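Please open the structure in the viewer and keep the selection tool at hand.

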Amino acid sequence: MKMETDVNRFRKIVRGKIKDNLKRFISSGELIGRQGNKQVSIPLPRIDLPRFEFGGNQQRGVGQGEGDPGDAVNQGQPQPGEGEAGQNPGEHSMEVDVSLDELAGILGEELGLPRIEDKGKKNITQKKYKYQGVLRNGPESLRNFKRTYKEALKRQISIGDYTDEKPIVIPIKEDKRYRSFRIEEKPEASAAIIYMMDVSGSMGDEQKEIVRLTSFWLNAWLKHNYDNLDTRFIIHDAIAREVDEHTFYHTKESGGTLISSAYKLCEKIILDNYPTSEWNIYLFHFSDGDNWSGNDTNECMNLLDNTLLPASNLFSYGQVESRYGSGQFLKDLEKHYGEQNEKVIIHQIKDRDGIMNALRAFLGKGK
């Protein structure tokens with residue numbers, strides 16, 4: 001019990017350290033490089049728990065020495081190496097493994113994010129097996145070894161076949177016990193995220209890194225809310241194409257920009273793969289705001305109004321600042337939707353320090 005208490009205290013300390021440094025973790029991207037399958041290694045300053053140490057004075061015990069009770073304690077003797085170069089090793093940070101789910105929970109606590117409301121999943125169920133009780137018959141794969149051993153031990157003691165000199169327990173058929181189960185049908189919550197990113201010549205490496213960091217934390221929070229999460233990636237300049245995650249984050253493209261090409265491909269992916277009555281659909285589009293023409297912008301608004309918004313829980317547009325981008329598309333979206341449509345979130349991400357506010361804006365409504 002004491003060990004469990006100490007471990008819980010340590011976990012609380014770690015959570016506090018992560019919260020204190022969360023903004024730095026979000027903007028630096030060092031967690032993404034340390035990400036495993038379900039764990040992330042968090043670099044933290046060394047955490048030393050208080051402990052007693054024996055002093056160098058071997059002739060006097062505790063409370064023995066010169067002076068009277070209440071006298072002020074003088075500063076100790078200076079130690080070698082303070083304030084000057086030395087030969088001793090320095091302090092090193094430690095790494096603590098934290099699950100992605102726990103990390104998302106810390107993010108939600110720090111940003112005050114509400115739990116996401118599922119959209120129409122009562123008609124979608126998933127079968128789950130719940131083990132309960134014990135039976136005398138069943139497959140060997142479900143044999144309860146502890147209960148079987150206990151029954152065999154009771155039988156051998158009752159007939160005098162078990163002694164301290166002969167501590168052997170041999171189960172027979174009548175001793176065997178098997179786990180029983182029942183099938184439960186539970187509503188299944190599924191979500192699809194479709195990321196769209198402008199990779200035209202005006203989007204530089206820093207802009208793409210901001211998109212990468214924002215997407216990582218969006219994914220972490222949505223995985224925290226959904227058991228079944230499907231992620232798709234679209235890149236576009238004058239044309240759009242679906243790519244894998246690695247290509248999405250590392251591709252280098254150039255050329256003009258037709259945003260409607262991404263929205264058309266997104267529409268096709270939704271219609272072909274995600275029935276709106278069964279899926280929670282989230283759309284995230286990142287760009288520097290350049291578009292080829294006003295006509296293409298009008299086509300984007302039509303696609304959003306007629307297909308994408310009715311099909312999705314949320315459409316979020318994040319505009320990253322670029323010295324080459326005009327930023328006009330954000331203004332067009334604000335003019336078209338204003339604050340009237342709750343499904344549309346529009347946010348400008350000026351730099352890495354703005355990612356935290358972007359996450360709060362995109363996820364703060366709990367859609």
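Select helix α5, residues 145–158, in this predicted model. Helix α5 has 14 residues and reaches 20 Å from its first C-alpha to its last, close to the 20 Å expected at 1.5 Å a residue; the expected span is 1.5 Å times one less than the number of residues. Helices (H or I, at least four residues) and strands (E, at least two) are DSSP runs, numbered from the N terminus. Residues are numbered from 1 along each chain as its sequence is written. As the model is predicted, local features need pLDDT of at least 70 and side-chain atom pairs count only at pLDDT 80 or more, while totals for chains, interfaces and linings use all residues; side-chain values use heavy atoms, with hydrogens and water left out.

Within α5, next select Thr 148, Glu 151, Ala 152 and Gln 156, which are buried. Buried means under 20% relative accessible area, exposed over 50%, and partly exposed in between (1.4 Å probe, protein chains only). Seen down the axis of α5, the buried residues fall within an arc of 130°, so they line one face of the helix; the arc is that of the directions from the helix axis to the C-beta atoms. The face turned away from the buried side carries the exposed residues Lys 146 and Ser 158.

Now inspect both ends of the helix. At the start of α5, a side-chain oxygen of Asn 144 reaches to within 3.3 Å of the backbone nitrogen of Lys 146. Just after α5, Gly 160 takes a positive phi of about 75°.

The next stop concerns charged side chains. The structure holds 10 salt bridges, each a side-chain nitrogen of Lys or Arg within 4 Å of a carboxyl oxygen of Asp or Glu. Select Lys 176 and Glu 140, whose side chains meet in a salt bridge (3.9 Å, N to O). This pair links distant parts of the chain, 36 residues apart: Lys 176 is in the loop between α5 and β4 (178–187), and Glu 140 is in the loop between β3 (125–135) and α5. Lys 176 is partly exposed at 21% relative accessibility, and Glu 140 is partly exposed at 40%.

Proceed to Glu 242 and Arg 232, which form a salt bridge of 2.5 Å, N to O. Glu 242 lies in strand β7 (residues 240–243) and Arg 232 in strand β6 (residues 228–236), so the pair ties together parts that are 10 residues apart in sequence.

Finally, turn to the aromatic rings. The structure holds 10 aromatic pairs. Rings of Phe, Tyr and Trp (its six-membered ring) pair if their centres lie within 6.5 Å; planes under 30 degrees apart count as stacked, over 60 as edge-to-face and the rest as tilted. Select Tyr 195 and Phe 248, a tilted pair with 6.3 Å centre to centre and 45° between the planes. Tyr 195 is in strand β5 (residues 190–198) and Phe 248 in helix α7 (residues 245–250), 53 residues apart. Tyr 195 is buried at 0% relative accessibility, and Phe 248 is buried at 0%.

How values were computed
A polar contact is a pair of N or O atoms within 3.5 Å; within protein, one must be able to donate a hydrogen and the other to accept it, and residues adjacent in sequence count only if both atoms are side-chain atoms.
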